[in-house]
Every structure is written in structure tokens, then in C-alpha cells.
Amino acid sequence: MARSNELGEFDYVIVGGGSAGCVLANRLSADAHCRVALLEAGGRDINPWIHIPVGYFKTMHRPAIDWCFMTEADPGLNYRRIEWPRGKVLGGSSSINGLLYVRGQREDYDRWRQMGNTGWGWEDVFPLFKKAENFAGEANEYHGQEGPLGVTPAPDRRPICDDWLQSAVNAGYERNPDYNGARQDGVGHFQVTIRNGRRCSAAVGYLRPVKHRPNLKVLTKVQASRVLFENKRAIGVCYFNRSSDQEELIRAKGEVILASGSIGSPHLLMLSGIGDSDQLHSQGIEPLVHLPAVGKNLQDHLQSRLVFKCRDQTINDDVKSLRRRLLIAAEYAAFRTGPMSMAASFVVGFMRTGDHVATPDIQFHVQPWSADSIGRGVHKFSAFTSSVCQLRPESRGEVSIVSKDVRDAPEIHPHYLATENDRRTMIEGVKIARNIASFKPLASKIVSEYQPGDDIQSDDDILDWIRNTSTTIYHPTGTCRMGQGQGSVVDERLRVREVSHLRVADCSIMPEIVSGNTNAPAIMIGEKASEMVLADRQR
Ligand SMILES: Cc1cc2nc3c(=O)[nH]c(=O)nc-3n(C[C@H](O)[C@H](O)[C@H](O)COP(=O)(O)OP(=O)(O)OC[C@H]3O[C@@H](n4cnc5c(N)ncnc54)[C@H](O)[C@@H]3O)c2cc1C
């Protein structure tokens, strides 16, 4: 039996201190009369590599800060299991992500609205992106400069990435200086969540400045194990306190808000008896509400990474030499510039694979480095990576529960490449990457194509290479889908169906994945959820 902790009752208990959870903690505790508790399964963000942008390569796969999920064997990937990192620390995945700041396409949000989600169209959410943002670039109507989230136009340049840009232009793609501006199409430099050479995670931007508020209690190393209900009203949360090794409970007189991410939130709902009744029964969980949509509708961006050996020096060369490494460290220590201040990718391309699509359906991430496995060292030769992902996959996967013990990770079935359109789009993406590489100036810098390699030419061979080598670009979404009716888990105010005083606010609520990276949208969801919770409080 869980024992009550000594902290008393809170108005709001937020579960998960990630991208969306940190926003909620900040905005809800802005009212001094409102007692807010934030529960985070991971620890505080004290690992110094979290805050140095290049630390991205050091934090992934570390169980102290990464959940280190693995998918099940996926038929679309020739039955490979792949790693799915997720942040397990204050800041959540925004503390270990690649720092790329992308909002998606206005059409993404307009589609959400057309699905019946009033208040989620582009005109509704655009002000929230601006409200969140503290843009270090030139002021203009598309960016905010007073928000908590530091965003900077890519601070570093690498010649090989600029060559890729020029080759893309020579291949007929338009240069776009601001893909978060009037339109997304084209090629340009990334904007990044970096402030003064340091990572601006959601914890740094939103939590740190307010952590001393007396009405905000942040509990770390506590893993929520279920939501407590009284007559289908959420009244609190049970959790394992890793410090005391005990099960405790915390009470919410207002609401419980799950912000545990696209794996954690559906998992917690199922542990709490909300999900497919048969599935829950089979794990010995007493169903509270039969809601089969929980855990379904899983969507992710699959990336295929083309690697080209080149004549130019790349990061691969930088890390080979001790002398060079010391110089880089000295530059960062003195000025917070240079390769240690770099995000995962430098250059981006949003493109269409054909005239049949109205808006870009693929995205390129161009990186002045290459590796067999991200986060486990780079190649010993000079090379760059041209990674391509499909922006709006049709394939749908699932997160399913395997035990009633929260410490047993759920199964993840991504079901990549399950439709003809998804397979075709990825094949076309690889062809576009090769086409760009055939244009000058890049063509004259490339020594050879290392991956997939010259012997892979036919569509069948390209698809097989995609299946054998592709990996996640870390954007799982959709598992607590927002919408109308039985196919959804939450309504447009993020309230979980058929219970009261319980919301979900994180990437899991996306009805369809956005056409871009998902951190900025997660933060926007946190902003939107905060507004709705506060508005309902007024009522
Ligand atoms: C390696 C990597 C690279 C990425 N690169 C980029 C990028 O460059 N740009 C970009 O836009 N996006 C990127 N993303 C994706 C982006 O960071 C995420 O989509 C976003 O942070 C998700 O926000 P969220 O609030 O939904 O969940 P998260 O930020 O993952 O937060 C969920 C939080 O809940 C906690 N939690 C889970 N279960 C429990 C529980 N039972 N009890 C208590 N706490 C719990 C977790 O520990 C975590 O802190 C990347 C992600 C990863 C992992």
C-alpha cells in the first residue's frame, strides 16, 4: 500500500518534467495561489554534457539519463530491433536532443483543426510558438523575442554543409533563409535551441528561472506508477521514490496532467486501467475505462543516412587528433564557439518527392560528420551525412503493455514502411540525396558514396538498404491521440475521455505527426495546455 508523502495536497500534479512538462510547471505556478508538483522519473540535469551542445553524442544511450528503449523486431526493417532514446532527466528529451528548432508546416495544424480539434489550427498555435521563443536572430513578425526558450540561427558553419546547400540550389531547390518563417520549402541553415553557446532545454528555459517559487515542488527520481481515481475522478498519483525505494502517493485536488511523453503517457494510462480492457485484463490490471485507442496511432520519422566520403576535413577529422580536440575544447572554454557548440545537424532541406504533394514531404538533415551508430563514435575517414526522412508517414504503430509493473518497459511496435506510399517516398528521398550530391560544388568534393554505395541502384535494392539500415530520428508521437470519438484518447482540451480531472499534454496527443522535428511543437503543446488548464480554473 502506497503511503501518502508529507507534502500535502496540490492543485496540479504534473507527471514528467520534459519538454511539455517544464512549460506546464512554469506557467501553472505563475499564480502564487496555485500549488504545483512536478514528478520526474529521472534526476536533475547536472551532467555537464547535457548543457554543452555537442554533448548530444555523450548523453544518448546512458541509462542514467536515457530510457534506452528498444523497439520490437519490426517487419518493415527486415525484423531489426532499433534503439529509441528518450530523455530521462529534467528537461526530458529536450535535454538530450539534437537541438534543432523546427515548428512544422502551418498545414499540419490546420489539418488537426479540420479533424475536429477546435483551437489547434495554425492561427491558434502560431502565437504560442512566438510566446515560447527568445529568438537571437533579427526581429521579425515570425519570431518571438521575449519567451523563455533560447533559439539561435545556426551559429557555426562548415564548408561541406555550405557546399551541400549550393549543390541543392544548383539542383533546382530554392534557398530559404527561414523555414520557420513564411514558408517551409527549400534549403537553409538550421535554427537551434542554443543560448550563448549552451543548450536551452525546456528545463533551462522554463524550470530553472522559477524553481525557487514556494508554490512549485519538483520531485526527481520518482517514477509514477498509476493515477489514483475516486469515482473516475483523478485525485492523485502513486509513484516509486527511487531515493527511499518506497511507493508513495501525492494528492491533486485540481487536476493530474500526464506529460510523460509518447511512451510514458500511454504506459501510465494503461497501468491506471485506461486502455484496451482485454489487454489490461491479460496483464492483471483491473480496467477502469475501455479505451482501445491508448497506445495506438504511434507515428515516427524514419531516417535513412547516406554517407559520402569527401576531401574536405569534417568533424570526423577533428576528433581524430588530440591536438585538434584540445584546441576545440580551449575555443569552447574561452568563447563558447566552435565544434563543441554545434547542434546535431547544420543544414536542412524541406522538399517534395513529386508534384502529387502540396507541401514538402521529405526533410534532409545534413551533418559534417558520419557514424555507423549515432552516439558511439564517428568514422575514421573524412565524410559527411545526408540524412533523409519522410515527414508524414502513413504507417501506424503501437505501444503495448507487457506487465502491471511500471518498471517493465512497454513493447514498442513502430510498423515502419507499412504502406506503399511510405516505401516510395523513402526511395525517392534517397534518389534526391544522390541527385544533389551529383551537382557541383559537392560533386568535386566527394571521393565516393560510402552508404548505400554504388552497387545499390535498383528501387528494390534501395528499399532493402533502407530496411536494413534506417533508424529513428527520435520523433514518436500520437499514442494518446487528440480527437473526437472512440478513435481518440483525449478531446481538444486534452481531457482524457470518460474520466475527469485528468489530461495528457505532450507529443503523444498529436493526431498526426508534424512535418518537422518535434521539440518546438511539444513546447507549444505545453503552452496551449497551460492556457486551457488556467482558463478552466477561472471557470
Ligand atoms: C536523441 C534525441 C534527439 C532529438 N533531436 C531533436 C531535435 O534536434 N529537434 C527536435 O525538435 N526534436 C528532437 N527530438 C525530439 C524531441 O526532443 C521530443 O519530441 C520532445 O522533447 C518530446 O517532448 P515530450 O514533452 O513529449 O516528452 P519528453 O521531453 O520525452 O518528456 C517526458 C518526461 O516524462 C518523464 N517520464 C516518463 N515516464 C514517467 C513516469 N512514469 N513518472 C515520472 N516521469 C516520467 C521522462 O523521464 C521525461 O522527462 C529528439 C529526441 C531525442 C530522444
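Tutor: Start with helix α5, residues 122-132, and helix α15. In this predicted model, their axes come within 9 Å and cross at roughly 100°. An angle of 65 to 115 degrees counts as roughly perpendicular, and α5 and α15 are therefore roughly perpendicular to each other. On the α5 side, the meeting residues are Val125, Leu128, Phe129, Lys131 and Ala132. They face Ala520, Ile523, Met524, Glu527 and Lys528 in α15. By class, this contact holds seven nonpolar residues, three charged ones and no polar ones.

Stay with α15 and turn to its contact with α1. Here the axes lie 8 Å apart, at an angle of about 35°. The crossing of α1 past α15 is right-handed. From α1 come Ser19, Ala20, Val23, Leu24, Arg27 and Leu28. The α15 side brings Asn519, Ala522, Ile523, Ile525, Gly526, Glu527, Ala529, Ser530, Val533 and Leu534. Counted by class, the α1 contact has 10 nonpolar, four polar and two charged residues.

Now the ligand. It is surrounded by 44 residues, and the closest are Gly16, Gly18, Gly92, Gly98 and Gly264. Both α1 (19-28) and α15 (519-538) are among the elements that give two or more residues to this shell. The others are β2 (36-40), β12 (222-230) and α8 (261-271). The largest share, four residues, comes from α8. By class, the shell divides into 21 polar, 19 nonpolar and four charged residues.

β5 pairs with β6, residues 149-153, in the parallel sense over three bridges. Within that pair, Glu133 stands opposite Leu149 of β6.

A further helix pair is worth a look. Helix α12 (residues 420-437) packs against helix α14 (residues 459-469) at an angle of about 100°, with axes 10 Å apart. That makes α12 roughly perpendicular to α14. Arg423, Met426, Ile427 and Val430 make the contact from α12. Asp459, Ile462, Leu463 and Ile466 make it from α14. The classes here are six nonpolar, two charged and no polar residues.

One joins Lys440 and Pro441, with omega about 5°. Pro441 sits in the loop between α12 and α13 (442-445). Another joins Gln451 and Pro452, with omega about 0°. Pro452 is placed in the loop between β23 (446-451) and α14.

Asp245 has a positive phi of about 60°, although it is not a glycine. Asp245 is found in the loop between β13 (233-241) and β14 (246-258).

Terms used: Residues are numbered from 1 along each chain as its sequence is written. This is a predicted model: local features need pLDDT of at least 70, side-chain atom pairs count only at pLDDT 80 or more; totals for chains, interfaces and linings use all residues. Axes are lines fitted to C-alpha atoms, for helices over the stretch in contact, and angles run from 0 to 180 degrees between N-to-C directions. Angles under 35 degrees count as roughly parallel, over 145 as roughly antiparallel, 65 to 115 as roughly perpendicular and the rest as oblique. Two residues are in contact if their C-beta atoms, placed from the backbone, lie within 7 Å. Ala, Val, Leu, Ile, Met, Phe, Trp, Tyr, Cys and Pro count as nonpolar, Asp, Glu, Lys and Arg as charged, and the others, Gly among them, as polar. A residue is near a molecule or strand if its C-beta atom, placed from the backbone, lies within 6 Å of it. Two strands pair if DSSP finds at least two bridges between them. A crossing is left-handed if the near helix is turned anticlockwise from the far one by less than a right angle, and right-handed if clockwise.
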